[in-house]
Amino acid sequence: MICGALLAAVGLELFLMPHGLIVGGITGLSALFAHTTEMRLGLFLFLFNLPFIFMSRKHINLRFALYTILGVVCLAIASLALHHYPAVISDPLPAAILGGICLGSGIGISVRFGGMYTQASEQGFSLLSGGPPRSAEVIIMALNCAILFAAGALFGWYQAMYSIIAYLLAFESLRLSLRSLSHSRAVWLTTKRPGEIQQVLLHSLQCEAALLAESWQEGKSGTLFCLIHRSELKQLQSLVRRHDPECHIVIRSAESYRTRRVLHK
């Protein structure tokens, strides 16, 4: 995970930042602030990620929380350390290509080995319907477009086109680095017995299911979220139905879930 953070920092500081190339999400927002205030990118990466870490503290266990903090700190420190080095490439097009690949691959490696997919955005979602709403994805896309538009207004529209190339390559690199996770499945369980099912999954499948605090009220349904190997899906469904026949189960590919959750960072 530390190697992934270092690779992402190389993509940012040695390829993208020297040419004014901005990607989406918190990384792009941090880069915009770094360029306009002449402060270090690593400082903004750390500060802008802190609120998301605090918002998601109730949804993740201690291990994932520590890995998330470690990943953010490593990325910030590596960015600060590389800030004084000149750009590796003087041409913005190859810089956009290599920078996007380094950034996406680095984040993907960190996510794959560090479990950082739970960062940030769970707080804003209501999962009572059994899965993340599509409206949230529209909001994320709109924010990314706004960041790229601001980058174009600040650095010029030719630079904005290079920024879009970097963003798309970062997306594809992230997706490819997470491809081996396709055997995992993201599962949402909306049930009237969240505590009971949580214990059943832990003891029977050694599967830790997170109870989403915002979706639970005493006497009403609660939503559990977990990642599980696809070979254990039938056993999970059987166990859940045995304890709550009316439980609403939503299953999605863990790869696509992780990619969406991380891209706006």
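Which residues form one aromatic cluster? In this predicted model, the cluster consists of Phe33, Phe44 and Phe48. A search of the whole structure finds 5 aromatic pairs. One of them is the tilted pair of Phe33 and Phe44, with 5.6 Å from centre to centre and 45° between the planes. Phe33 belongs to helix α2 (residues 25-37) and Phe44 to helix α3 (residues 41-55), so this pair ties together parts that are 11 residues apart in sequence. Phe33 is partly exposed, at a relative accessible area of 36%, whereas Phe44 is buried, at 8%. The ring centres of Phe33 and Phe48 are 5.2 Å apart and the planes stand at 80°, so this pair is edge-to-face. Because Phe33 lies in helix α2 and Phe48 in helix α3, the pair ties together parts 15 residues apart in sequence. Phe48 counts as partly exposed, with a relative accessibility of 21%; the cut-off for buried is under 20%.

Strand β3 (residues 222-229) is mostly covered, with 6 of its 8 residues buried. Strand β1 (residues 184-191) runs antiparallel to β3 and is joined to it by 8 bridges. Within this pairing, Thr190 has Thr223 of β3 as its bridge partner. Strand β2 (residues 210-211) is also antiparallel to β3, and 2 bridges join these strands. Here Ala210 has Phe225 of β3 as its bridge partner.

Ser110 is located in helix α5 (residues 92-114). Ser110 counts as buried because its relative accessibility is 5%. The Ser110 side chain reaches the backbone oxygen of Met1 at 3.0 Å.

Methods. Residues numbered from 1 in each chain as written. Predicted model: local features only at pLDDT ≥ 70, side-chain atom pairs only at ≥ 80, totals over all residues. Heavy atoms only, no water. Helix = DSSP H or I, 4+ residues; strand = E, 2+ residues; numbered from the N terminus. Buried < 20%, exposed > 50% of the residue type's maximum accessible area, 1.4 Å probe, protein only. Polar contact = N/O pair within 3.5 Å; in protein donor to acceptor, adjacent residues only side chain to side chain. Pairing = 2+ DSSP bridges. Phe/Tyr/Trp six-rings, centres within 6.5 Å; stacked < 30°, edge-to-face > 60°.
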